[in-house]
Amino acid sequence: MPTPVNVAVIYYSSTGTVATIARAMAGDAERAGAHVRLRRAAELAPQAAIDSNPAWAENVTATADIPEVSQDDMAWADAVIFGSPTRYGNITAQLKQFIDTLGGMWQAGQLADKVYSGFTSTATAHGGQESTLLALYNTIHHFGGILVTPGYTDPTKFVDGNPYGTSHIAGQGDIPVGEQTLTAARVQAERVVKFTRAIKAGLAAEG
Ligand SMILES: Cc1cc2nc3c(=O)[nH]c(=O)nc-3n(C[C@H](O)[C@H](O)[C@H](O)COP(=O)(O)O)c2cc1C
């Protein structure tokens, strides 16, 4: 019987692109045999900003069923897959705010020895997908986490071209998440589950 693993997919999304990838990633991890929690970071923007953008307001409604992330989700997880749209080549304040609440857990060593991975979306092709994921991954080094990225470990990675993590070019919100991004999400989720399982089983065998 394979070692059971808990995967938390924790994301922030304004207009739904990253939310779509997050749902796909959660489903993929589940199909790969993991127990999965899909969680969204709390919104920090004022209601007026949300209301000024129909796609944003629509996404708030469409994801109301997804629980807000809590520190318990981090404690529960053997692996965490973080998702955030890019903001000037960096992650969103909303996801960062959640990460910044984790100081106590970090200090207690509770964020170490877990597997971490990330995904993102941008408006444009060179709008900062790699820099956003690398910025996210800076934090993982401080956690003492184990980064599991897709690399070019699957032939499909030579098609989407991003070894750092799943990424989508959303344009002005007019380019929906399609087959290429969904494939990248599946490959990444399966790889996270596989190595989380292997690491957990290996550590358990070590005693
Ligand atoms: C404040 C702000 C900064 C942004 N910075 C960038 C950027 O540097 N590069 C880029 O390609 N897109 C940028 N975008 C566009 C978003 O990353 C893009 O709309 C996002 O991927 C959509 O994700 P979502 O639908 O999950 O919210 C920015 C958007 C906002 C609101």
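Visitor: Which residues of α9 are buried?
Guide: This is a predicted model, to start with. In α9, the buried residues are Thr181, Thr183, Ala184, Ala185, Val187, Gln188, Ala189, Val192, Val193 and Thr196.

Visitor: What span should helix α9 have, and what do its end C-alpha atoms give?
Guide: Helix α9 covers residues 179-206, which is 28 residues.

Visitor: What follows α9?
Guide: Gly207 does. Its phi is positive, near 85°.

Visitor: Switching to the ligand. How many residues surround it, and which are the closest?
Guide: The ligand is surrounded by 16 residues. Closest are Ser13, Thr15, Val18, Ser121 and Gly127.

Visitor: How does that shell divide into nonpolar, polar and charged?
Guide: Four residues are nonpolar, 11 are polar and one is charged.

Visitor: Which polar backbone atoms lie by the ligand's oxygen atoms?
Guide: Ala123 has one at 3.0 Å from a ligand oxygen. For Thr124, the distance is 3.1 Å. Gly16 also places a backbone N or O atom 3.1 Å from an oxygen atom of the ligand.

Visitor: And how much of the ligand does the protein bury?
Guide: The protein buries 75% of the 650 Å² that the ligand exposes when taken alone.

Visitor: Which elements give two or more residues to the shell?
Guide: Those are α1 (17-31) and β4 (115-122).

Technical notes
Residues numbered from 1 in each chain as written. Predicted model: local features only at pLDDT ≥ 70, side-chain atom pairs only at ≥ 80, totals over all residues. Heavy atoms only, no water. Near = heavy atom within 4 Å. Polar contact = N/O pair within 3.5 Å; in protein donor to acceptor, adjacent residues only side chain to side chain. Areas by Shrake-Rupley, 256 points an atom, 1.4 Å probe, with all protein chains shown as cover. Helix = DSSP H or I, 4+ residues; strand = E, 2+ residues; numbered from the N terminus. Nonpolar A, V, L, I, M, F, W, Y, C, P; charged D, E, K, R; others polar. Expected span 1.5 Å × (residues − 1). Buried < 20%, exposed > 50% of the residue type's maximum accessible area, 1.4 Å probe, protein only.
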